[in-house]
Amino acid sequence: MPTPVTRPDTALVRRARKINRVLAETYPEAGCELDFRTPFELLVATVLSAQTTDRRVNAITPALFAAFPDAVAMAAAPRAELEEIIRPTGFFRAKTTSLLGLSAVLVERFDGEVPGRLADLVTLPGVGRKTANVVLGNAFDVPGITVDTHFARLVRRFAWVPEDILGDPVKVEHAVGALFPRSDWTMLSHRLIWHGRRRCHAKKPACGACPVAHWCPAFGTGPIDPVEAAALVTTQGPA
């Protein structure tokens, strides 16, 4: 059952949509930074991406999927072999448990296929709303909002949601969703994540080189000198 959301202020909606439009112009290439060919590969890669970077996940998934290309193969994978392949992503024992568990459930309940419904995805071991929305939006074209650490940080800096719900990702998801047409949700998530990785960093945002500075209540959190700020801009997320 969706969390009830108060109808947002018109001025807030306009400001939020303006920021989204400018970010769309700034990052026309924004999209999922995990490499995948199938919904299963995206599901696995997203589980592996917890507490690590997309680049590190992309470095190990070719070998992982060559060995275990689908849910049937991964459900039967020797734990030690799976752990060794995914070890570079960190927390590899817990992630191995999740991958073996979700693969087994996919085989037992979904004929080995990744389901295209949120309600089904969140029943899989190690899969929460964030992971489910990544899979739905990028593998099934079902609009979803991905509240990861970057997204949550930018929503706070943009003051898009009330302070008292910032600690609740589900409430943040619904409150931000109320500001935009449903069709915008997946790309909005990508744009905010890209902006968070490249400019609006956690510790030192590049405020003086930010395309949406004019509409950002947190402008000045980082350096506002254009030259100093420009030196903080990266072309991709951290390694």
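This is a predicted model: local features need pLDDT of at least 70, side-chain atom pairs count only at pLDDT 80 or more; totals for chains, interfaces and linings use all residues.
The protein contains 12 helices and 0 strands, and its elements, read from the N terminus, follow the order α-α-α-α-α-α-α-α-α-α-α-α. The radius of gyration is 19 Å, close to the 18 Å that the globule rule gives for 239 residues, so the protein is as compact as a globular protein of that length. Along the principal axes, the C-alpha trace extends over about 55 × 40 × 30 Å. Of the 239 residues, 48% count as buried, and among contacts between residues at least 6 apart in sequence, 61% connect residues that lie at least 24 apart.

Helix α2, which comprises residues 39–48, is mostly covered, with 9 of its 10 residues buried. These buried positions are F40, E41, L42, L43, V44, A45, T46, V47 and L48, and they pack against several other helices, namely α3, α4 (71–75), α5 (79–86), α6 (92–110) and α8 (129–139).

Helix α3 spans residues 54–67, and its axis lies 11 Å from that of α2, the two helices packing at an angle of about 135 degrees. Because angles over 145 degrees count as roughly antiparallel and those from 65 to 115 degrees as roughly perpendicular, this value makes α2 oblique to α3. The crossing of the two helices is right-handed. On the α2 side the contact is formed by F40, E41, V44, A45 and L48, and on the α3 side by V57, I60, T61, L64 and F65. Sorted by class, the contact of α2 with α3 comprises 8 nonpolar residues, 1 polar residue and 1 charged residue. The α2 residues that take part in this contact, F40, E41, V44, A45 and L48, are also listed among the buried residues of that helix.

Helix α9 contributes H150, F151, R153, L154, V155 and F158 to the contact, while helix α11 contributes L188, S189, L192, I193, H195, G196 and R197. By class, the contact of α9 with α11 is made up of 7 nonpolar, 4 polar and 2 charged residues.

Definitions and conventions
Residues are numbered from 1 along each chain as its sequence is written. Side-chain values use heavy atoms; hydrogens and water are left out. Axes are lines fitted to C-alpha atoms, for helices over the stretch in contact, and angles run from 0 to 180 degrees between N-to-C directions. Helices (H or I, at least four residues) and strands (E, at least two) are DSSP runs, numbered from the N terminus. Angles under 35 degrees count as roughly parallel, over 145 as roughly antiparallel, 65 to 115 as roughly perpendicular and the rest as oblique. A crossing is left-handed if the near helix is turned anticlockwise from the far one by less than a right angle, and right-handed if clockwise. Contact means heavy atoms within 4.5 Å. Ala, Val, Leu, Ile, Met, Phe, Trp, Tyr, Cys and Pro count as nonpolar, Asp, Glu, Lys and Arg as charged, and the others, Gly among them, as polar. The radius of gyration is taken over C-alpha atoms; the globule rule is 2.2 Å times the number of residues to the power 0.38. Buried means under 20% relative accessible area, exposed over 50%, partly exposed in between (1.4 Å probe, protein chains only).
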